[in-house]
Amino acid sequence: MSGELDIDHLRQWIGREEASQDVLTAALAARFHATLDLPGAAATQSEVAPALIHFCLCQPAAAMHELGGDGHPATGGFLPPVLLPRRMWASSAIDFHKGLRVGDVVAKRSRVAEVTTKSGRSGNLCFVTVEHEIRAHDRLAISERQTIVYREAAGSRASVAPMPETAPQGVTVETITASASLLFRYSAVTFNGHRIHYDLPYAMGEEHYPGLVVHGPLQATLLVHLAARCNGGRAPDHFSFRGVQPAIGGEALSLNAGALIDNSMELWSARPGGALAMRATAQWR
């Protein structure tokens, strides 16, 4: 499952669109709230739901026989058939135009915007960028530009890993335990079947991680809510994040926020006193 990629073939997917619809129920809001241990009571009917709950909505309900060996829906439908076995959510840039509310009927339209390839230290890489628009009551609520990265199998090409970047300590620091229960519940609430987040033998034996992998969007969600707490409870109007290296489950994970400067705040997740896992930026109008 490694080797050269047929970029001309993969680029035929650019412009392909997919539409889906979902309902933001009170039950989903309660489960999301409980999984993240958010303060206060969960949002109820007609109340504004927490930021990044849209990651739980409009997920493809692929049948079991349609899943790949990694637990993801197989590519080649909406997403291009990239013949690289390791898939990760690399980054997102998100604009919040209006809050989603419990009870909203949510319509999502996704479009493949870009497909690029490059050769890195670990072998061939393919980046697929998808633009999402999420509407409620026929009004744009969220726009997002998401990049997915596909990589070769671990160990398929000899390389020397660079020294990981050590994270500084933020102005505000919170520490959580990225427990297996947290990873499993987040996988469930987002209907994410990727086995690296809950299947330890697969994560270690097949994809060669040192343990379960903490979801990128879970880290992003924890950071966006930290940003809100650091700014009087006000959720950002724009939020972007980029994975630096995997965070491993079963370990402490520090959530860091810098100072609020010109309505912008830098945030990051890391092992306490150790390697940087994710960078993020929150901005307010």
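Which residue takes a positive phi in the hairpin of β4 and β5? In this hairpin, which has two residues between the strands, the positive phi, near 55°, belongs to His137. The structure is a predicted model, in which local features need pLDDT of at least 70 and side-chain atom pairs count only at pLDDT 80 or more, whereas totals for chains, interfaces and linings use all residues. Residues are numbered from 1 along each chain as its sequence is written, and side-chain values use heavy atoms, with hydrogens and water left out.

Helices (H or I, at least four residues) and strands (E, at least two) are DSSP runs, numbered from the N terminus, and two strands are taken to pair if DSSP finds at least two bridges between them. On this basis, strand β4 (residues 123-136) pairs with β5 in the antiparallel sense over twelve bridges, and within β5 it is Gln146 that stands opposite Val130. Strand β5 (residues 139-151) is also joined to strand β2 (residues 86-96), again antiparallel, by ten bridges, with Ile148 of β5 as the bridge partner of Trp89.

In α2, the buried residues are Leu28, Ala29, Phe32, His33, Thr35 and Leu36. They cover an arc of only 165° around the axis, which puts them on the same side of α2; the arc is that of the directions from the helix axis to the C-beta atoms. These residues pack against α3 and α5, contact being defined as heavy atoms within 4.5 Å. Just after α2, Asp37 takes a positive phi of about 55°.

In helix α3 (residues 180-189), Leu182, Leu183, Tyr186, Ser187 and Val189 are buried, and their cover includes α2 (26-36), β6 (172-177) and α5 (216-229). Helix α3 is followed by Phe191, a residue that has a positive phi of about 50° although it is not a glycine. Phe191 is placed in the loop between α3 and α4 (200-205), and at 54% relative accessibility it counts as exposed. Asn263, likewise a residue other than glycine, has a positive phi near 65°; its place is the loop between β8 (252-257) and β9 (264-270), and its relative accessibility of 43% makes it partly exposed.

In soluble globular proteins, nonpolar side chains tend to be buried together. A nonpolar core is here a set of buried Ala, Val, Leu, Ile, Met, Phe, Trp, Tyr and Cys residues joined through side-chain atoms within 4.5 Å. The largest such core holds 60 residues, of which Leu100, Phe239 and Leu267 touch the most other members. Helix α5 gives the most to this core, with seven residues. Apart from it lies another core, of 14 residues, including Leu5, Ile7, Val82 and Val112. When neighbours within four places in sequence are left aside, the contacts of Phe239 include Leu52, Phe96, Leu223, Val224 and Leu267.

Ala257, in strand β8, is buried, with a relative accessible area of 0%. Beyond its neighbours within four places in sequence, Ala257 is in contact with residues including Gly170, Leu226, Cys230, Met265 and Trp268. Between Ala257 and Leu84 there are 173 residues in sequence and 35 Å in space, C-alpha to C-alpha.

Rings of Phe, Tyr and Trp (its six-membered ring) pair if their centres lie within 6.5 Å, planes under 30 degrees apart counting as stacked, over 60 as edge-to-face and the rest as tilted. Three aromatic pairs are found in a search of the whole structure. One of them, formed by Phe55 and Trp89, is edge-to-face, at 4.8 Å centre to centre and 65° between the planes. Because Phe55 lies in the loop between α2 and β2 and Trp89 in strand β2, the pair ties together parts that are 34 residues apart in sequence. Phe55 is buried, with a relative accessible area of 4%, whereas Trp89 is partly exposed at 26%. Phe239 and Phe241 form a tilted pair, with 6.2 Å centre to centre and 40° between the planes, and both residues are buried. Ring pairs link Phe55, Trp89, Phe239 and Phe241 into a cluster.

Finally, Arg86 lies over the face of Tyr209, at 4.6 Å from the ring centre, where a charge sits over a ring if NZ of Lys or CZ of Arg is within 6 Å of the ring centre and within 35 degrees of the ring normal.

Key. Buried means under 20% relative accessible area, exposed over 50%, partly exposed in between (1.4 Å probe, protein chains only).
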